[in-house]
Amino acid sequence: MRSRLAPARFQAEKIVSPGCHIAESPVWDFRGGRVYWVDIPNQRLFRMEPDGQGLTQWDLPVKVSALVLAADGGFMAATSRGFAHLALEETGPVFRFGMGPELPEGWRMNDGACDRQGRFWAGSLSPRPAEEGQWGELFSLDSEGKVSARGGRFRVQNGLAWSPDGRRMYVSDSHVSNVHVTRFDFDPETGDRSNPQPFASHALLGGRPDGAAMDVDGCYWIAASDSARILRLTPEGRIDAEIHADVPNLTNLCFAGPDLRTAVITSLNNGTSGGDIYAVHLPFQGLAEPMWRG
């Protein structure tokens, strides 16, 4: 019998090999029953059925690091030109830029997600994050199109997620010099965060914390890059489930399918393996992510 303290183990299987360099930000679009994700450096957008069938791709005019659903049927994107609206027309992807924030030359946005009130959050990222003074910070975009600087000091911001009641916010830093996951108290009305508490360390995770998702039990799922695992952390910070894959650098996940019980997982190509998409059916149910309603 498995010890109550031993994490449940699940094995993810490769379902499609799209040749990505850094596949990121998988999004389940319940409106059409498909999963979308991006390949950041190659500036591509992908779409597929949850089982890997029907793969479609588009070239993009900018680097896109994160997507969330928008209520008008499109997406909001975190890009190298700040926040942008993305619509998929018959002619291909159509962007609307100019929302901010204004980024320094060579910078881009990184990981992004919506809070429970539908604000879109993402952090800025320097092209040289290890250098002195090259700290990124968080920004949010509300339903009126207002961008707010939310502060923080990140080398490589990642891991954004909110508890089911919207009163806890999680964010990580993936850079080897600043590895951590922090949990904040979160004010749903104002979007202010307070009372930062260490939630997970590199030693606990066994890998650098990358993209994240939340389930209906309030557990935080995080890609532990370099370790070939996705980890489920309880609200108390205990690892009680692991998803394993045959590549070391898993980058992010989303819960897909009508029951939100299929984890679709992205990965990066480290020069020898990766860049493929994985999936596994779980006994856990993901939490439906809010749409941006601007």
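Trainee: Is C114 buried or exposed?
Mentor: Keep in mind that this is a predicted model, where local features need pLDDT of at least 70, side-chain atom pairs count only at pLDDT 80 or more, and totals for chains, interfaces and linings use all residues. Residues are numbered from 1 along each chain as its sequence is written, and side-chain values use heavy atoms, with hydrogens and water left out. Buried means under 20% relative accessible area, exposed over 50%, and partly exposed in between (1.4 Å probe, protein chains only). With a relative accessible area of 2%, C114 is buried.

Trainee: How many disulfides does the structure hold?
Mentor: A disulfide is a pair of cysteine sulfur atoms within 2.5 Å. The cysteine sulfur closest to that of C114 belongs to C254 and lies 14 Å away, so the two are too far apart for a bond. C254 is in no disulfide either, as its nearest cysteine sulfur, that of C20, is 14 Å away. The number of disulfides in the structure is 0.

Trainee: Which residues does UniProt place under "binding site"?
Mentor: UniProt positions are given in the numbering used here, with feature names shortened, and annotations may be inferred rather than shown by experiment. The record, an unreviewed entry, gives the feature at E24, N158 and D210.

Trainee: In which strand is E24 found?
Mentor: Strands (E, at least two residues) and helices (H or I, at least four) are DSSP runs, numbered from the N terminus. E24 has 7% relative accessibility, so this residue counts as buried. Its strand covers residues 23–29 and is β3.

Trainee: What is the length of the polar contact between the side chains of D210 and N158?
Mentor: D210 sits in strand β19 (residues 208–214). Contact means heavy atoms within 4.5 Å, and beyond four places in sequence D210 has contacts including E24, N158 and S172. A polar contact is a pair of N or O atoms within 3.5 Å; within protein, one must be able to donate a hydrogen and the other to accept it, and residues adjacent in sequence count only if both atoms are side-chain atoms. For the side chains of D210 and N158, the value is 3.3 Å.

Trainee: What share of the 294 residues in the chain is buried?
Mentor: The chain has 1 helix and 25 strands. Its C-alpha trace spans about 55 × 45 × 35 Å along the principal axes. Buried residues account for 60%.
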